[in-house]
Amino acid sequence: MTTIPLRTTLFDGNGFIWDIRTNGVISNGSNDAFDGGFRLGTANGGFNTAEGEDDDRELAIGPFTGTGAPGIEITRKIYVPDDAGFARFLDSVTNTGDIAVTYTYQMRTNLGSDSNTNIIDTSDGDQLFSPEDVWIVTDDVPNRGDPAVAHVFGNGGGLAPATATRSGDNIAYTFA
C-alpha cells in the first residue's frame, strides 16, 4: 500500500477528472460535472491521506464517524480505472459498539448543471427519482454543457433506498 496525499486527482480511462478531497467528495470533476459529488451526508471527518490500493487506482479513506449513532464508522474506497470511464465508491459501514444500532446512511450530490438539471432516465423508466430506482442519469443539455452523470447505487437485488430525492441540482438517497 502507498500513502496518497489528499487532495488528489485521478483520471479515468476516458480522461475524466476525479478530484478527490479530504472528505472523499469529488469537488468539480471534468467540465463542472459536480459542485460536490458523492458527499457522505451522515458522516463526519476529513483526512490528509488515503491508502492507495490496486496500483494506486483505488483510494481507501477513513474511517469517518457516523452521525446520530455512537460506534458507527464508515470507510470509503474510491476506485478509478485507467481503462474505463467511471469511478466506483464503496462505503463500508461498521458498528464498532457492543449493541445493535439503527443507522441512516445518506449520499448527496450537488451537480454542476445547476438550474438546468434534467432527469434523463431512471431505472424504472419514469424520469422521477424515487426509492424504487437503483440508478439515475442527469444532464443539463444533452451533448453540450456539463457532462451527463449517472449514479448507480443498487442492482435491485439488495437493500433498496429508504428515500430518493431531487431538488434542483441536488440528488440524495438514504439507506436504513
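1. Arginine 21 is placed in the loop between S3 and strand S4 (39-40), where strands are DSSP runs (E) of at least two residues and helices are runs (H or I) of at least four, both numbered from the N terminus. Arginine 21 is buried, because its relative accessible area is 19% and buried means under 20%, with exposed over 50% and partly exposed in between (1.4 Å probe, protein chains only). Leaving aside residues up to four places away in sequence, arginine 21 touches Leu6, Arg7, Thr8 and Ser27, a contact being heavy atoms within 4.5 Å.

2. A word on the basis of these notes: this is a predicted model, in which local features need pLDDT of at least 70 and side-chain atom pairs count only at pLDDT 80 or more, while totals for chains, interfaces and linings use all residues. Residues are numbered from 1 along each chain as its sequence is written, and side-chain values use heavy atoms, with hydrogens and water left out.

3. As to the overall fold, the protein has 15 strands and 0 helices, and its C-alpha trace spans about 50 × 35 × 25 Å along the principal axes. The radius of gyration is 16 Å, which agrees with the value near 16 Å for a compact globule of 176 residues; it is taken over C-alpha atoms, and the globule rule is 2.2 Å times the number of residues to the power 0.38. Buried residues make up 43% of the 176, and of the contacts with a separation of 6 or more, 48% are between residues 24 or more positions apart.

4. The largest nonpolar core has 36 residues, of which Trp18, Ile20, Phe34 and Phe129 touch the most other members; such a core is a set of buried Ala, Val, Leu, Ile, Met, Phe, Trp, Tyr and Cys residues joined through side-chain atoms within 4.5 Å. Two or more residues of this core come from each of strand S3 (17-20), strand S7 (58-66), strand S8 (72-79), strand S10 (105-110) and strand S15 (170-175). Isoleucine 20, not counting residues up to four places away in sequence, touches Leu6, Arg7, Thr8, Leu10, Val25, Ile26, Leu59, Ile61 and Ile78.

5. Beyond four places in sequence, glutamate 58 touches Glu51, Gly52, Glu53, Lys77, Ile78, Tyr79 and Arg88.

6. Leucine 6 and arginine 7 are joined by a cis peptide bond with omega of about 10°, and arginine 7 is found in the loop between strand S1 (2-5) and strand S2 (8-11). The bond from glycine 62 to proline 63 is also cis, with omega near 15°, and proline 63 is in strand S7.

7. Two backbone angles belong with them. Most residues other than glycine have a negative phi, and most peptide bonds are trans. Phenylalanine 38, in the loop between S3 and S4, has a positive phi of about 65° and is buried at 7% relative accessible area. Aspartate 114, in the loop between S10 and strand S11 (118-122), has a positive phi near 50° and counts as partly exposed at 38% relative accessibility.

8. The largest pocket holds about 710 Å³ of space and is lined by 29 residues, with Phe38, Ala87, Arg88, Phe89 and Val152 nearest its centre. On a 1 Å grid over the protein atoms alone, a pocket is an open set of points with protein on both sides within 12 Å along at least five of seven lines, a cavity is a set where a 1.4 Å probe fits but cannot get out, and lining residues have an atom within 4 Å of a point. Grid points are joined across faces, edges and corners, and a volume is the space filled by probe spheres set on the points. The lining of the largest pocket divides into 21 nonpolar, 5 polar and 3 charged residues, and S9 gives the largest share, 5 residues.

9. The structure holds 1 cavity of 30 Å³ or more, and the largest cavity has a volume of about 30 Å³. Among the residues lining the largest cavity are Ala33, Leu111, Asp139, Asp140 and Val149.

Key
Ala, Val, Leu, Ile, Met, Phe, Trp, Tyr, Cys and Pro count as nonpolar, Asp, Glu, Lys and Arg as charged, and the others, Gly among them, as polar.
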